[in-house]
Amino acid sequence: SSNNQEESKTLISKDEDALDPTAYYENRCNFVTQLRENPNYQVYPHKINVTHSVSQLISEYDAKCAEKGIFSGDVVTIAGRVINIRKQGPNLYFYDL
């Protein structure tokens, strides 16, 4: 039983490390440093190739997306400031630009 208590203490301390803001900051810094080591990846790109404005995106794809289960496979890029993020379930997010 003492082994179980030691294991649970170890698990708790690992969870506490995950919640520690300093450890989170250090993990993020290490992640960005690893990304910077790849010469083909820009961590903070200066320019984004925007293909559509929000109004163009809505006018072009609103009718196409009205039917359920139809995916165009088109890749479009828009830019804007994220005003609101809403999570609906484990994998669905809504972003307001």
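This is a predicted model: local features need pLDDT of at least 70, side-chain atom pairs count only at pLDDT 80 or more; totals for chains, interfaces and linings use all residues.

Modeller: A salt bridge is a side-chain nitrogen of Lys or Arg within 4 Å of a carboxyl oxygen of Asp or Glu. Side chains of opposite charge can pair when their charged atoms come close. Residues are numbered from 1 along each chain as its sequence is written, and side-chain values use heavy atoms, with hydrogens and water left out.

Colleague: Which side chains meet in the salt bridge?

Modeller: Those of D96 and R86 do, at 2.8 Å from N to O. The pair links distant parts of the chain, ten residues apart: D96 lies in strand β2 (residues 93-96) and R86 in strand β1 (residues 84-87). Strands here are DSSP runs (E, at least two residues), as helices are (H or I, at least four), numbered from the N terminus.

Colleague: Is D96 buried, exposed or partly exposed?

Modeller: Buried means under 20% relative accessible area, exposed over 50%, and partly exposed in between (1.4 Å probe, protein chains only). D96 is partly exposed because its relative accessibility is 28%. R86, at 35%, is partly exposed as well.

Colleague: Where is L35 placed, and which residues does L35 contact beyond its neighbours within four places in sequence?

Modeller: L35 belongs to helix α2 (residues 21-36). Contact means heavy atoms within 4.5 Å. Leaving those neighbours aside, L35 is in contact with Y41 and V43.
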